[in-house]
Amino acid sequence: MDTRLALIAAVLLVGFGGIAAPVASPAAAQSGPAVGFGDAQTTVTQGDVATIDLQLRNTDQATLRIDSANQQYQATLRVHDGNDDGTVTVRANTFRGGNIDDADRFTTRGDTDTIQLLTESDISDTSEVTALNPGRYNLIISTDETSVAAVLFIEEPDVSGTQTSVIAPNAPAAGSEGAPTLGSGNASQVDVANSTTSTNSTESLLSAARSDRVRTRFGMSGFGGLVESPPPAHNLVYATDSTPTAQTTHTVQTTPDETISMRTLTIDYGIGDDAPPRGVHQFSRSDIDVIGVDETGNGFVDRSVGIAVQNIRTSTDGSMTITFDRPLTVSKNHTLLAAYEMRNPNATGAAEVAVTLHGDRSTHRERGTVLYGPAGEGTLGHGVDLRPRTASGDVPTAPLAAVDTTYDPAAGGLVATVDTNAFGSGEYAIDFSVGEAAPPSVPRVSFSESFAIVEPTAEFTNQSVSDDPQLSVTADTNLAPSGSVILRVTAEEPNGGVSQVLNCVAAVESNGSIGCEFDLSEPADDFDIEVSIQRGGYTIVGPTEYN
(Lines give C-alpha, C1' and ligand atoms only; values in the text may rest on other atoms or scores of the structure.)
Protein backbone atom coordinates (compact mmCIF):
# COMPACT_ATOMS: atom_id res chain seq x y z
CA MET A 1 0.00 0.00 0.00
CA ASP A 2 1.08 3.61 -0.54
CA THR A 3 2.33 5.55 2.50
CA ARG A 4 3.89 8.99 2.12
CA LEU A 5 4.08 11.25 5.15
CA ALA A 6 2.99 14.58 3.84
CA LEU A 7 0.02 16.76 4.64
CA ILE A 8 -2.51 17.17 1.90
CA ALA A 9 -2.38 20.86 1.20
CA ALA A 10 -5.26 21.06 -1.20
CA VAL A 11 -9.03 21.22 -1.22
CA LEU A 12 -10.39 17.84 -2.28
CA LEU A 13 -13.83 17.38 -3.73
CA VAL A 14 -15.32 14.02 -2.91
CA GLY A 15 -18.54 12.82 -4.47
CA PHE A 16 -21.22 11.37 -2.26
CA GLY A 17 -23.98 9.87 -4.35
CA GLY A 18 -23.26 12.34 -7.14
CA ILE A 19 -23.12 15.41 -4.84
CA ALA A 20 -19.75 17.18 -4.70
CA ALA A 21 -18.84 18.08 -1.14
CA PRO A 22 -16.02 20.59 -0.57
CA VAL A 23 -13.71 20.05 2.38
CA ALA A 24 -11.19 22.40 3.93
CA SER A 25 -7.44 21.91 3.72
CA PRO A 26 -5.19 22.07 6.77
CA ALA A 27 -2.66 24.83 7.21
CA ALA A 28 0.32 24.19 9.43
CA ALA A 29 0.62 27.84 10.40
CA GLN A 30 -3.00 28.37 11.40
CA SER A 31 -3.87 28.58 15.08
CA GLY A 32 -7.05 26.48 14.85
CA PRO A 33 -7.23 22.70 14.53
CA ALA A 34 -5.91 21.22 11.29
CA VAL A 35 -6.07 17.63 10.10
CA GLY A 36 -4.82 15.69 7.09
CA PHE A 37 -3.73 12.38 5.62
CA GLY A 38 -0.23 11.13 5.06
CA ASP A 39 -1.26 10.08 1.57
CA ALA A 40 -4.04 11.18 -0.74
CA GLN A 41 -4.53 7.57 -1.88
CA THR A 42 -4.08 4.28 -0.04
CA THR A 43 -4.37 0.89 -1.72
CA VAL A 44 -4.97 -2.41 0.07
CA THR A 45 -5.91 -5.93 -0.99
CA GLN A 46 -9.35 -7.21 -0.03
CA GLY A 47 -8.89 -9.21 3.17
CA ASP A 48 -5.69 -7.43 4.21
CA VAL A 49 -5.14 -4.67 6.75
CA ALA A 50 -5.05 -1.09 5.46
CA THR A 51 -2.62 1.38 7.01
CA ILE A 52 -3.92 4.95 7.04
CA ASP A 53 -1.62 7.72 8.26
CA LEU A 54 -3.38 10.68 9.88
CA GLN A 55 -1.95 14.03 10.91
CA LEU A 56 -3.41 16.35 13.54
CA ARG A 57 -2.35 19.90 14.39
CA ASN A 58 -3.54 21.90 17.38
CA THR A 59 -5.88 19.08 18.34
CA ASP A 60 -5.51 15.60 19.77
CA GLN A 61 -8.86 14.22 18.54
CA ALA A 62 -10.57 13.86 15.20
CA THR A 63 -13.33 11.88 13.50
CA LEU A 64 -12.49 9.45 10.69
CA ARG A 65 -15.16 8.29 8.24
CA ILE A 66 -14.83 5.42 5.77
CA ASP A 67 -17.58 5.48 3.14
CA SER A 68 -17.85 3.28 0.07
CA ALA A 69 -18.49 5.12 -3.18
CA ASN A 70 -21.77 3.23 -3.62
CA GLN A 71 -22.81 4.11 -0.04
CA GLN A 72 -23.25 0.41 0.83
CA TYR A 73 -20.68 0.69 3.62
CA GLN A 74 -20.11 3.47 6.13
CA ALA A 75 -18.06 3.58 9.32
CA THR A 76 -17.35 6.41 11.74
CA LEU A 77 -14.42 6.30 14.15
CA ARG A 78 -12.95 8.58 16.80
CA VAL A 79 -9.14 8.83 16.88
CA HIS A 80 -7.02 10.24 19.70
CA ASP A 81 -3.37 11.31 19.52
CA GLY A 82 -2.20 10.10 22.91
CA ASN A 83 1.39 11.33 22.81
CA ASP A 84 0.76 14.70 21.08
CA ASP A 85 3.20 13.97 18.26
CA GLY A 86 0.69 15.11 15.64
CA THR A 87 0.34 11.69 13.97
CA VAL A 88 -1.93 8.67 14.33
CA THR A 89 -1.47 5.55 12.21
CA VAL A 90 -4.71 3.62 11.85
CA ARG A 91 -4.76 -0.09 10.94
CA ALA A 92 -8.12 -1.09 9.44
CA ASN A 93 -8.88 -4.79 8.95
CA THR A 94 -10.98 -5.26 5.82
CA PHE A 95 -12.51 -8.42 7.31
CA ARG A 96 -15.40 -8.25 9.77
CA GLY A 97 -17.94 -10.53 11.41
CA GLY A 98 -17.47 -13.90 13.03
CA ASN A 99 -15.17 -13.87 16.03
CA ILE A 100 -13.24 -10.80 14.81
CA ASP A 101 -13.78 -8.23 17.55
CA ASP A 102 -14.45 -4.63 16.53
CA ALA A 103 -11.75 -3.47 18.94
CA ASP A 104 -9.25 -5.65 17.06
CA ARG A 105 -10.40 -4.60 13.59
CA PHE A 106 -9.53 -0.94 14.04
CA THR A 107 -6.28 -0.32 15.94
CA THR A 108 -3.46 2.20 16.08
CA ARG A 109 0.21 1.49 15.59
CA GLY A 110 1.31 3.57 18.59
CA ASP A 111 0.70 2.28 22.10
CA THR A 112 -0.52 5.65 23.35
CA ASP A 113 -2.81 6.49 20.43
CA THR A 114 -6.36 5.12 20.43
CA ILE A 115 -9.25 4.60 18.04
CA GLN A 116 -12.90 3.81 18.75
CA LEU A 117 -15.53 2.54 16.34
CA LEU A 118 -18.66 4.70 16.79
CA THR A 119 -20.98 3.47 14.03
CA GLU A 120 -20.80 1.00 11.15
CA SER A 121 -23.12 -0.37 8.51
CA ASP A 122 -24.83 -3.59 9.51
CA ILE A 123 -24.10 -6.93 7.85
CA SER A 124 -26.75 -9.54 7.18
CA ASP A 125 -24.98 -12.41 8.97
CA THR A 126 -22.66 -11.44 11.80
CA SER A 127 -21.71 -15.07 12.46
CA GLU A 128 -19.69 -15.32 9.24
CA VAL A 129 -16.47 -13.52 8.42
CA THR A 130 -16.74 -11.41 5.27
CA ALA A 131 -14.46 -8.89 3.58
CA LEU A 132 -15.30 -5.40 2.38
CA ASN A 133 -16.03 -5.39 -1.34
CA PRO A 134 -13.33 -4.26 -3.77
CA GLY A 135 -13.68 -0.71 -4.98
CA ARG A 136 -13.24 2.91 -3.95
CA TYR A 137 -13.84 4.14 -0.41
CA ASN A 138 -13.81 7.81 0.60
CA LEU A 139 -11.84 8.72 3.71
CA ILE A 140 -12.83 11.85 5.63
CA ILE A 141 -10.96 13.14 8.66
CA SER A 142 -12.59 16.05 10.45
CA THR A 143 -12.97 18.20 13.53
CA ASP A 144 -15.73 20.69 14.28
CA GLU A 145 -13.83 23.34 12.31
CA THR A 146 -12.26 21.49 9.37
CA SER A 147 -12.25 18.32 7.28
CA VAL A 148 -10.02 16.74 4.65
CA ALA A 149 -10.61 13.85 2.24
CA ALA A 150 -8.55 11.04 0.78
CA VAL A 151 -9.26 7.78 -1.03
CA LEU A 152 -8.91 4.11 -0.09
CA PHE A 153 -8.89 1.58 -2.94
CA ILE A 154 -9.55 -2.08 -2.14
CA GLU A 155 -8.22 -4.46 -4.79
CA GLU A 156 -9.03 -8.12 -5.40
CA PRO A 157 -6.63 -10.78 -4.03
CA ASP A 158 -3.88 -12.16 -6.22
CA VAL A 159 -2.28 -15.61 -6.47
CA SER A 160 1.28 -16.04 -7.73
CA GLY A 161 4.05 -18.61 -7.36
CA THR A 162 6.14 -19.58 -4.37
CA GLN A 163 9.81 -19.02 -3.64
CA THR A 164 12.11 -20.83 -1.22
CA SER A 165 15.60 -19.78 -0.17
CA VAL A 166 18.13 -20.60 2.52
CA ILE A 167 19.06 -17.75 4.86
CA ALA A 168 21.44 -17.33 7.77
CA PRO A 169 20.12 -17.71 11.35
CA ASN A 170 20.97 -14.06 12.07
CA ALA A 171 19.00 -12.76 9.07
CA PRO A 172 16.38 -10.10 9.93
CA ALA A 173 12.85 -11.34 10.47
CA ALA A 174 10.54 -11.44 7.48
CA GLY A 175 8.80 -8.12 6.95
CA SER A 176 11.43 -6.15 8.86
CA GLU A 177 13.93 -3.69 7.43
CA GLY A 178 16.95 -5.46 5.96
CA ALA A 179 15.21 -8.83 5.61
CA PRO A 180 16.78 -10.82 2.75
CA THR A 181 14.85 -11.04 -0.48
CA LEU A 182 13.92 -14.46 -1.78
CA GLY A 183 15.64 -13.93 -5.08
CA SER A 184 17.81 -17.03 -5.14
CA GLY A 185 16.66 -20.56 -4.50
CA ASN A 186 13.92 -22.75 -5.92
CA ALA A 187 10.87 -21.19 -7.52
CA SER A 188 7.54 -22.86 -8.14
CA GLN A 189 5.11 -22.29 -10.96
CA VAL A 190 1.46 -21.68 -10.14
CA ASP A 191 -1.36 -23.48 -11.89
CA VAL A 192 -3.94 -20.71 -11.71
CA ALA A 193 -6.77 -22.92 -12.95
CA ASN A 194 -6.24 -25.51 -10.22
CA SER A 195 -4.71 -23.18 -7.61
CA THR A 196 -1.84 -25.57 -6.95
CA THR A 197 1.93 -25.32 -7.12
CA SER A 198 4.83 -27.68 -6.94
CA THR A 199 8.57 -27.19 -6.97
CA ASN A 200 9.96 -26.63 -10.46
CA SER A 201 11.15 -30.03 -11.68
CA THR A 202 14.07 -28.45 -13.53
CA GLU A 203 15.59 -27.33 -10.26
CA SER A 204 17.57 -29.58 -7.93
CA LEU A 205 16.19 -30.06 -4.45
CA LEU A 206 17.10 -27.04 -2.34
CA SER A 207 19.55 -27.97 0.44
CA ALA A 208 19.95 -26.14 3.73
CA ALA A 209 22.78 -26.75 6.16
CA ARG A 210 21.45 -27.51 9.61
CA SER A 211 21.54 -24.33 11.74
CA ASP A 212 20.50 -22.18 8.78
CA ARG A 213 16.87 -21.28 8.04
CA VAL A 214 14.58 -22.24 5.15
CA ARG A 215 12.36 -19.30 4.21
CA THR A 216 9.40 -19.78 1.86
CA ARG A 217 7.13 -17.13 0.40
CA PHE A 218 3.66 -18.36 -0.49
CA GLY A 219 2.46 -15.90 -3.09
CA MET A 220 -1.16 -15.27 -2.21
CA SER A 221 -2.64 -12.06 -0.86
CA GLY A 222 -6.01 -11.34 0.68
CA PHE A 223 -5.89 -13.08 4.07
CA GLY A 224 -3.68 -10.80 6.16
CA GLY A 225 -6.68 -9.77 8.26
CA LEU A 226 -7.34 -13.39 9.18
CA VAL A 227 -3.87 -14.04 10.59
CA GLU A 228 -3.72 -10.95 12.80
CA SER A 229 -4.48 -13.15 15.82
CA PRO A 230 -2.04 -15.79 17.13
CA PRO A 231 -2.28 -19.10 15.21
CA PRO A 232 -4.67 -21.66 16.75
CA ALA A 233 -1.85 -24.24 16.53
CA HIS A 234 0.08 -22.18 19.10
CA ASN A 235 -2.75 -22.39 21.64
CA LEU A 236 -2.37 -24.45 24.79
CA VAL A 237 -4.79 -26.94 23.23
CA TYR A 238 -5.26 -27.21 19.46
CA ALA A 239 -8.21 -29.02 17.90
CA THR A 240 -7.23 -30.52 14.54
CA ASP A 241 -10.85 -30.24 13.39
CA SER A 242 -12.43 -27.29 15.20
CA THR A 243 -15.98 -27.94 13.93
CA PRO A 244 -18.47 -27.95 16.84
CA THR A 245 -19.33 -31.52 18.01
CA ALA A 246 -16.66 -33.03 15.69
CA GLN A 247 -14.77 -36.11 16.85
CA THR A 248 -11.16 -35.01 16.43
CA THR A 249 -7.68 -34.85 17.94
CA HIS A 250 -6.80 -32.36 20.66
CA THR A 251 -3.11 -31.55 21.14
CA VAL A 252 -1.66 -30.13 24.35
CA GLN A 253 1.70 -28.38 24.28
CA THR A 254 3.23 -26.84 27.38
CA THR A 255 6.82 -25.86 28.17
CA PRO A 256 7.87 -25.54 31.83
CA ASP A 257 10.37 -22.84 32.81
CA GLU A 258 12.04 -25.23 35.24
CA THR A 259 12.72 -28.97 35.26
CA ILE A 260 9.74 -30.97 36.52
CA SER A 261 9.67 -34.58 37.76
CA MET A 262 6.11 -35.17 36.59
CA ARG A 263 3.91 -37.69 38.40
CA THR A 264 0.53 -36.55 37.04
CA LEU A 265 -0.79 -34.50 34.13
CA THR A 266 -4.11 -32.69 34.50
CA ILE A 267 -6.02 -31.17 31.58
CA ASP A 268 -8.95 -29.08 32.80
CA TYR A 269 -11.56 -27.88 30.32
CA GLY A 270 -13.88 -26.71 33.10
CA ILE A 271 -12.07 -23.68 34.52
CA GLY A 272 -14.29 -21.12 32.78
CA ASP A 273 -17.96 -20.69 31.99
CA ASP A 274 -17.64 -22.56 28.68
CA ALA A 275 -19.07 -26.02 28.21
CA PRO A 276 -16.31 -28.68 28.27
CA PRO A 277 -15.88 -31.14 25.39
CA ARG A 278 -18.39 -33.94 25.21
CA GLY A 279 -17.30 -37.21 26.74
CA VAL A 280 -14.44 -35.90 28.89
CA HIS A 281 -15.73 -38.13 31.66
CA GLN A 282 -15.36 -41.13 29.32
CA PHE A 283 -11.74 -40.40 28.40
CA SER A 284 -9.56 -43.52 28.60
CA ARG A 285 -6.05 -44.72 27.85
CA SER A 286 -7.10 -45.93 24.41
CA ASP A 287 -7.92 -42.33 23.42
CA ILE A 288 -4.27 -41.26 23.75
CA ASP A 289 -2.53 -41.13 20.36
CA VAL A 290 0.84 -39.90 21.60
CA ILE A 291 2.25 -38.48 24.80
CA GLY A 292 5.86 -37.55 25.45
CA VAL A 293 8.53 -34.87 25.42
CA ASP A 294 9.80 -32.80 22.50
CA GLU A 295 13.48 -32.22 23.32
CA THR A 296 14.56 -30.60 20.03
CA GLY A 297 11.75 -28.09 19.41
CA ASN A 298 10.56 -29.55 16.10
CA GLY A 299 7.09 -30.55 17.32
CA PHE A 300 7.78 -34.31 17.23
CA VAL A 301 7.85 -36.46 20.38
CA ASP A 302 11.47 -37.45 20.98
CA ARG A 303 10.82 -39.38 24.20
CA SER A 304 7.52 -41.19 24.58
CA VAL A 305 6.09 -41.67 28.08
CA GLY A 306 2.99 -43.61 27.04
CA ILE A 307 4.26 -46.83 28.57
CA ALA A 308 4.38 -45.13 31.98
CA VAL A 309 0.64 -44.27 32.07
CA GLN A 310 -0.75 -45.96 35.18
CA ASN A 311 -4.34 -44.76 35.41
CA ILE A 312 -6.70 -41.98 34.36
CA ARG A 313 -9.24 -40.09 36.48
CA THR A 314 -11.97 -37.95 34.94
CA SER A 315 -14.76 -35.77 36.27
CA THR A 316 -18.06 -34.46 34.96
CA ASP A 317 -16.85 -30.87 35.33
CA GLY A 318 -14.40 -31.25 32.45
CA SER A 319 -11.07 -32.28 33.97
CA MET A 320 -8.99 -35.40 33.44
CA THR A 321 -5.82 -36.48 35.24
CA ILE A 322 -3.25 -38.94 33.91
CA THR A 323 -1.12 -40.63 36.58
CA PHE A 324 2.28 -42.16 35.75
CA ASP A 325 3.93 -45.12 37.47
CA ARG A 326 7.23 -43.26 37.93
CA PRO A 327 8.54 -39.69 38.00
CA LEU A 328 9.04 -38.46 34.43
CA THR A 329 11.52 -35.68 33.79
CA VAL A 330 10.39 -32.75 31.66
CA SER A 331 13.44 -30.52 31.47
CA LYS A 332 13.38 -26.75 31.41
CA ASN A 333 12.43 -25.43 27.94
CA HIS A 334 11.47 -28.90 26.72
CA THR A 335 7.84 -29.31 25.64
CA LEU A 336 5.37 -31.87 26.90
CA LEU A 337 3.11 -32.99 24.04
CA ALA A 338 -0.09 -34.99 24.33
CA ALA A 339 -2.42 -35.78 21.44
CA TYR A 340 -5.68 -37.60 22.15
CA GLU A 341 -9.15 -38.20 20.72
CA MET A 342 -11.88 -35.85 21.92
CA ARG A 343 -15.33 -34.67 20.80
CA ASN A 344 -15.69 -30.90 20.57
CA PRO A 345 -18.47 -29.15 22.47
CA ASN A 346 -21.35 -27.58 20.56
CA ALA A 347 -19.76 -24.14 20.74
CA THR A 348 -17.69 -21.65 18.76
CA GLY A 349 -14.97 -19.25 19.82
CA ALA A 350 -12.21 -19.48 22.41
CA ALA A 351 -12.74 -21.62 25.51
CA GLU A 352 -10.51 -21.56 28.57
CA VAL A 353 -8.40 -24.56 29.47
CA ALA A 354 -5.66 -25.27 32.01
CA VAL A 355 -2.81 -27.79 32.04
CA THR A 356 -0.91 -28.80 35.19
CA LEU A 357 2.24 -30.90 35.51
CA HIS A 358 2.40 -32.12 39.12
CA GLY A 359 5.87 -33.03 40.35
CA ASP A 360 7.30 -34.31 43.60
CA ARG A 361 8.90 -30.96 44.45
CA SER A 362 7.48 -28.48 41.95
CA THR A 363 4.43 -27.91 39.79
CA HIS A 364 4.01 -26.29 36.39
CA ARG A 365 0.64 -24.67 35.64
CA GLU A 366 -0.43 -22.96 32.43
CA ARG A 367 -3.76 -21.44 31.46
CA GLY A 368 -4.71 -20.90 27.85
CA THR A 369 -7.41 -21.48 25.29
CA VAL A 370 -8.73 -23.91 22.70
CA LEU A 371 -10.48 -22.41 19.67
CA TYR A 372 -13.63 -23.91 18.17
CA GLY A 373 -15.48 -23.03 14.98
CA PRO A 374 -14.17 -21.58 11.69
CA ALA A 375 -11.64 -19.35 13.45
CA GLY A 376 -9.86 -22.44 14.78
CA GLU A 377 -9.81 -24.36 11.51
CA GLY A 378 -6.29 -24.87 10.14
CA THR A 379 -3.05 -24.21 11.96
CA LEU A 380 -3.29 -20.48 11.13
CA GLY A 381 -7.07 -20.25 11.54
CA HIS A 382 -10.10 -19.59 9.32
CA GLY A 383 -9.26 -22.52 7.03
CA VAL A 384 -5.66 -21.41 6.42
CA ASP A 385 -3.27 -24.29 7.09
CA LEU A 386 0.53 -24.45 7.15
CA ARG A 387 2.64 -27.38 8.33
CA PRO A 388 5.98 -29.08 7.62
CA ARG A 389 6.22 -32.79 6.95
CA THR A 390 8.88 -35.40 6.39
CA ALA A 391 9.43 -37.10 3.04
CA SER A 392 7.46 -40.07 4.37
CA GLY A 393 4.49 -37.84 5.22
CA ASP A 394 4.90 -37.57 9.00
CA VAL A 395 3.59 -34.27 10.42
CA PRO A 396 4.79 -32.89 13.80
CA THR A 397 2.42 -33.34 16.71
CA ALA A 398 2.81 -29.58 17.27
CA PRO A 399 2.83 -28.44 13.61
CA LEU A 400 4.25 -24.94 14.02
CA ALA A 401 6.77 -25.61 16.80
CA ALA A 402 9.77 -24.86 14.55
CA VAL A 403 8.05 -22.54 12.06
CA ASP A 404 7.78 -18.75 12.29
CA THR A 405 5.15 -17.09 10.13
CA THR A 406 4.70 -13.50 8.98
CA TYR A 407 2.13 -12.10 6.62
CA ASP A 408 4.09 -9.59 4.55
CA PRO A 409 2.10 -7.70 1.88
CA ALA A 410 5.33 -6.27 0.45
CA ALA A 411 6.61 -9.82 -0.15
CA GLY A 412 3.33 -10.84 -1.73
CA GLY A 413 1.86 -13.12 0.92
CA LEU A 414 2.78 -15.43 3.77
CA VAL A 415 6.44 -15.92 4.65
CA ALA A 416 7.28 -19.09 6.62
CA THR A 417 10.70 -19.63 8.18
CA VAL A 418 11.75 -23.14 9.27
CA ASP A 419 14.43 -23.54 11.95
CA THR A 420 16.54 -26.40 10.57
CA ASN A 421 18.38 -26.72 13.89
CA ALA A 422 15.30 -28.47 15.26
CA PHE A 423 15.29 -31.18 12.59
CA GLY A 424 17.62 -33.98 11.62
CA SER A 425 19.12 -34.46 8.18
CA GLY A 426 16.69 -35.58 5.51
CA GLU A 427 14.10 -34.44 3.00
CA TYR A 428 11.12 -32.34 4.04
CA ALA A 429 8.29 -30.30 2.57
CA ILE A 430 6.21 -27.41 3.84
CA ASP A 431 2.57 -27.39 2.79
CA PHE A 432 0.21 -24.43 2.62
CA SER A 433 -3.48 -24.62 1.81
CA VAL A 434 -6.72 -22.66 2.11
CA GLY A 435 -9.84 -24.73 2.78
CA GLU A 436 -13.58 -24.16 2.64
CA ALA A 437 -13.69 -22.74 6.17
CA ALA A 438 -12.03 -19.56 4.83
CA PRO A 439 -14.20 -16.57 3.86
CA PRO A 440 -15.45 -16.64 0.24
CA SER A 441 -13.12 -13.83 -0.88
CA VAL A 442 -9.95 -15.79 -0.03
CA PRO A 443 -8.59 -17.83 -2.98
CA ARG A 444 -8.56 -21.61 -2.49
CA VAL A 445 -5.00 -22.80 -3.02
CA SER A 446 -2.70 -25.72 -2.24
CA PHE A 447 1.05 -25.08 -2.27
CA SER A 448 3.94 -27.39 -1.43
CA GLU A 449 7.67 -26.66 -1.34
CA SER A 450 10.30 -29.37 -0.84
CA PHE A 451 13.77 -29.00 0.61
CA ALA A 452 16.55 -31.06 2.18
CA ILE A 453 18.40 -30.51 5.44
CA VAL A 454 22.06 -31.57 5.38
CA GLU A 455 24.85 -31.42 7.91
CA PRO A 456 26.98 -28.23 7.81
CA THR A 457 30.33 -28.80 6.16
CA ALA A 458 33.53 -26.83 5.57
CA GLU A 459 36.78 -27.58 3.78
CA PHE A 460 40.02 -25.69 4.29
CA THR A 461 41.32 -24.38 0.99
CA ASN A 462 44.94 -23.62 1.95
CA GLN A 463 46.74 -25.41 4.78
CA SER A 464 50.24 -24.13 4.10
CA VAL A 465 52.19 -21.99 6.57
CA SER A 466 55.21 -19.76 6.17
CA ASP A 467 57.85 -18.07 8.27
CA ASP A 468 55.54 -15.07 8.62
CA PRO A 469 53.80 -14.52 12.01
CA GLN A 470 50.56 -13.82 10.11
CA LEU A 471 48.52 -16.95 9.43
CA SER A 472 45.79 -16.89 6.79
CA VAL A 473 42.94 -19.39 7.16
CA THR A 474 40.41 -19.83 4.36
CA ALA A 475 37.68 -22.40 3.78
CA ASP A 476 34.60 -23.16 1.69
CA THR A 477 31.32 -24.03 3.39
CA ASN A 478 27.74 -24.97 2.57
CA LEU A 479 26.35 -22.45 5.06
CA ALA A 480 24.09 -19.64 3.89
CA PRO A 481 25.70 -16.29 3.00
CA SER A 482 25.90 -13.56 5.68
CA GLY A 483 25.95 -16.13 8.46
CA SER A 484 28.84 -16.20 10.88
CA VAL A 485 31.18 -18.89 12.20
CA ILE A 486 34.07 -18.96 14.65
CA LEU A 487 37.51 -19.92 13.33
CA ARG A 488 39.74 -21.15 16.16
CA VAL A 489 43.51 -21.50 15.88
CA THR A 490 45.56 -23.40 18.49
CA ALA A 491 49.30 -22.83 18.09
CA GLU A 492 51.87 -24.56 20.32
CA GLU A 493 55.67 -24.64 20.07
CA PRO A 494 56.91 -28.25 19.86
CA ASN A 495 59.21 -27.79 22.85
CA GLY A 496 56.30 -26.81 25.10
CA GLY A 497 57.12 -23.10 25.08
CA VAL A 498 54.63 -20.59 23.68
CA SER A 499 50.99 -21.68 23.42
CA GLN A 500 48.28 -19.53 21.82
CA VAL A 501 44.53 -19.92 21.25
CA LEU A 502 43.06 -17.34 18.88
CA ASN A 503 39.41 -16.92 17.78
CA CYS A 504 38.01 -14.99 14.86
CA VAL A 505 34.38 -14.40 13.82
CA ALA A 506 34.10 -14.80 10.06
CA ALA A 507 31.12 -14.01 7.83
CA VAL A 508 30.12 -16.38 5.04
CA GLU A 509 30.55 -14.68 1.67
CA SER A 510 28.07 -14.97 -1.18
CA ASN A 511 30.20 -17.71 -2.80
CA GLY A 512 30.35 -19.74 0.43
CA SER A 513 33.93 -18.81 1.34
CA ILE A 514 35.14 -17.76 4.79
CA GLY A 515 38.49 -16.49 5.97
CA CYS A 516 40.44 -14.83 8.77
CA GLU A 517 43.93 -13.49 9.39
CA PHE A 518 45.63 -14.44 12.68
CA ASP A 519 48.67 -12.67 14.15
CA LEU A 520 50.90 -15.14 15.98
CA SER A 521 53.67 -14.16 18.38
CA GLU A 522 56.28 -16.08 16.35
CA PRO A 523 56.63 -17.22 12.72
CA ALA A 524 53.82 -19.62 11.87
CA ASP A 525 56.17 -22.46 10.91
CA ASP A 526 57.57 -22.47 14.46
CA PHE A 527 54.27 -23.84 15.78
CA ASP A 528 52.22 -26.99 15.68
CA ILE A 529 48.92 -25.51 14.44
CA GLU A 530 45.37 -26.88 14.58
CA VAL A 531 42.35 -25.07 13.16
CA SER A 532 38.64 -25.70 13.70
CA ILE A 533 35.39 -24.05 12.58
CA GLN A 534 32.45 -23.79 14.96
CA ARG A 535 28.92 -22.42 15.09
CA GLY A 536 26.65 -22.30 18.11
CA GLY A 537 28.91 -24.58 20.16
CA TYR A 538 28.95 -27.20 17.40
CA THR A 539 32.22 -28.03 15.65
CA ILE A 540 31.70 -28.16 11.88
CA VAL A 541 35.25 -29.25 11.05
CA GLY A 542 38.49 -29.81 12.94
CA PRO A 543 40.68 -29.62 14.80
CA THR A 544 42.71 -29.98 11.60
CA GLU A 545 46.52 -29.90 11.55
CA TYR A 546 47.73 -27.02 9.41
CA ASN A 547 51.43 -27.74 9.11
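**The disulfide and its surroundings**

A: In this predicted model, a disulfide joins Cys504 to Cys516, with an S to S distance of 1.9 Å. The cut-off is 2.5 Å between cysteine sulfur atoms, and by this rule the count comes to 1 disulfide. The pair links distant parts of the chain. Cys504 sits in strand S38, residues 499–507. Cys516 sits in strand S39.

Now the geometry. The torsion about the S-S bond of Cys504 and Cys516 is about -70°, so the disulfide is left-handed. Is this pair buried or exposed? Both Cys504 and Cys516 are buried.

Strand S38 also holds Val501. Val501 is exposed, because its relative accessible area is 52% and exposed means over 50%. Val501 and Arg488 are 13 residues apart in sequence. In space, their C-alpha atoms are 7.1 Å apart.

Next, strand S39. This strand spans 513–519. A loop runs between strand S39 and strand S40 (528–535), and Glu522 is found in that loop. Glu522 is partly exposed, with a relative accessible area of 31%. Glu522 also belongs to a patch of negative charge on the surface. The patch gathers Asp467, Asp468, Glu517, Asp519, Glu522, Asp525 and Asp526.

The peptide bond from Gly542 to Pro543 is cis, with omega near 0°.

Now the salt bridges. How many does the structure hold? There are 13 salt bridges. One of them pairs Glu455 with Arg210, where the closest N and O atoms are 2.8 Å apart. This pair links distant parts of the chain, 245 residues apart. Glu455 is in the loop between strand S34 (446–454) and strand S35 (458–460). Arg210 is in the loop between strand S18 (207–209) and strand S19 (213–220). Glu455 is partly exposed, with a relative accessible area of 32%.

Arg367 forms a salt bridge with Glu352, and the closest N and O atoms are 3.1 Å apart. Arg367 lies in strand S29 (residues 363–372) and Glu352 in strand S28 (residues 349–359), so the pair ties together parts that are 15 residues apart in sequence. Arg367 counts as exposed, at 58% relative accessibility. Glu352 is partly exposed, at 34% relative accessible area.

Arg303 forms a salt bridge with Glu295, the closest N and O atoms being 3.0 Å apart. Arg303 is partly exposed, at 27% relative accessibility. Glu295 is partly exposed as well, with a relative accessible area of 35%. Elsewhere, Arg96, Arg105 and Glu120 are linked in a network of salt bridges.

Last, two backbone spots. Gln71 is not a glycine, yet has a positive phi of about 65°. Gln71 is found in the loop between strand S6 (61–68) and strand S7 (74–80). Gln71 is partly exposed, with a relative accessible area of 44%. Thr245 is not a glycine either, and has a positive phi of about 70°. The loop between strand S20 (237–239) and strand S21 (247–254) holds Thr245. At a relative accessible area of 27%, Thr245 is partly exposed.

Conventions:
Residues numbered from 1 in each chain as written. Predicted model: local features only at pLDDT ≥ 70, side-chain atom pairs only at ≥ 80, totals over all residues. Heavy atoms only, no water. Patch = residues over 30% accessible without salt bridge, like charges linked within 9 Å, V, L, I, M, F, W, Y side chains within 5 Å. Areas by Shrake-Rupley, 256 points an atom, 1.4 Å probe, with all protein chains shown as cover. Salt bridge = Lys/Arg side-chain N within 4 Å of Asp/Glu carboxyl O. Lys, Arg positive; Asp, Glu negative; His and termini not counted. Charge placed at Lys NZ, Arg CZ, Asp CG, Glu CD. Helix = DSSP H or I, 4+ residues; strand = E, 2+ residues; numbered from the N terminus. Buried < 20%, exposed > 50% of the residue type's maximum accessible area, 1.4 Å probe, protein only.
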